[in-house]
Amino acid sequence: MIALIFFSALLWDKAQAWGFKDGVLHNSIWLERAAGVYHRESRSGKYQLTYAEAKAVCEYEGGHLATYQQLEAARKIGFHVCAAGWMAKGRVGYPIVKAGANCGFGKTGIVDYGIRLNRSERWDAYCYNPNGKECGGVFTDSKHVFKSPGYPNEYENEQICYWHIRVKYGQRIHLQFLEFDVEDDTACMADFLEIYDSYDDINGFVGRFCGDELPDDIISTGNVMTLKFLTDSSVTAGGFQIRLWLYFFLFSTLFFF
């Protein structure tokens, strides 16, 4: 009984800190963009960009490396990323909204590594572009249609988009492919869409898709899913539309909403 009370109090504290609405715990861990600031990593993975490379990534997308002040402004409205990245003037750090033992040393604010003397160190990047195209985001609605950037026009090269879906506890997610045309490649290594049965792109890998054949519908095992869309530097295609529905069983009958 004591353990149950403690666990309930812990949940309430977390809910109060992050905001609990309509059965959905809202946080910003996976928010990709805020106040014009967004996080970028190398196609090779985490912590692979030198200062010059990080600067080039941001400039290629029409922006520049975020300043400390711009990153802090984004953090104040919920931008939380547990990954150190280059900022303007060779500074490295990352924004923490919610203190945690495994990230940010239990503190909130900008975890600041200072200005690095060695610009060949490898980190991620924090870019700033208030006019950049929206790509990805966090979705908690019961209905939505996800579209590739620019749809119905062809998507552009060098895109990295994450759509993170979280619905109410007890609900499941049904993805229906309406249109699909992504650069065809035998191994799907050029342009591709990946889907994960989790709230990140580490766990619950479902599949990687490319070409123009409509994939089968996908149903989550829980109340979260992630879509990840990456394109390379050459060849584009028509893109995609994917409809999100809610899915659950009631008296052995299937319902979609």
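This is a predicted model: local features need pLDDT of at least 70, side-chain atom pairs count only at pLDDT 80 or more; totals for chains, interfaces and linings use all residues.

Cys58 belongs to helix 2 (residues 51-60) and Cys127 to strand 9 (residues 124-128), so the link ties together parts that lie 69 residues apart in sequence. Both ends count as buried, since Cys58 has 0% relative accessibility and Cys127 likewise has 0%.

The count of disulfides comes to three, and their geometry is set out here.

| Pair | S to S distance | Angle about the S-S bond | Hand |
|---|---|---|---|
| Cys82 and Cys103 | 1.9 Å | 125° | right-handed |
| Cys188 and Cys210 | 2.0 Å | -85° | left-handed |

The disulfide of Cys82 and Cys103 links distant parts of the chain, with Cys82 in the loop between helix 3 and strand 6 and Cys103 in the loop between strand 7 and strand 8, 21 residues apart. Cys82 is partly exposed at a relative accessible area of 39%, whereas Cys103, at 12%, is buried.

For the disulfide of Cys188 and Cys210, Cys188 sits in the loop between strand 13 and strand 14 and Cys210 in the loop between strand 15 and strand 16, so parts 22 residues apart in sequence are tied together. Cys188 is buried at 11% relative accessibility, and Cys210 is buried at 15%.

Gln70 is placed in helix 3 (residues 68-76), and a polar atom of the Gln70 side chain lies 2.9 Å from the backbone nitrogen of Thr67. Leaving aside residues up to four places away in sequence, Gln70 touches Val37, His64, Leu65 and Tyr128.

Conventions:
Residues are numbered from 1 along each chain as its sequence is written. Side-chain values use heavy atoms; hydrogens and water are left out. Helices (H or I, at least four residues) and strands (E, at least two) are DSSP runs, numbered from the N terminus. A polar contact is a pair of N or O atoms within 3.5 Å; within protein, one must be able to donate a hydrogen and the other to accept it, and residues adjacent in sequence count only if both atoms are side-chain atoms. Contact means heavy atoms within 4.5 Å. A disulfide is a pair of cysteine sulfur atoms within 2.5 Å. Buried means under 20% relative accessible area, exposed over 50%, partly exposed in between (1.4 Å probe, protein chains only).
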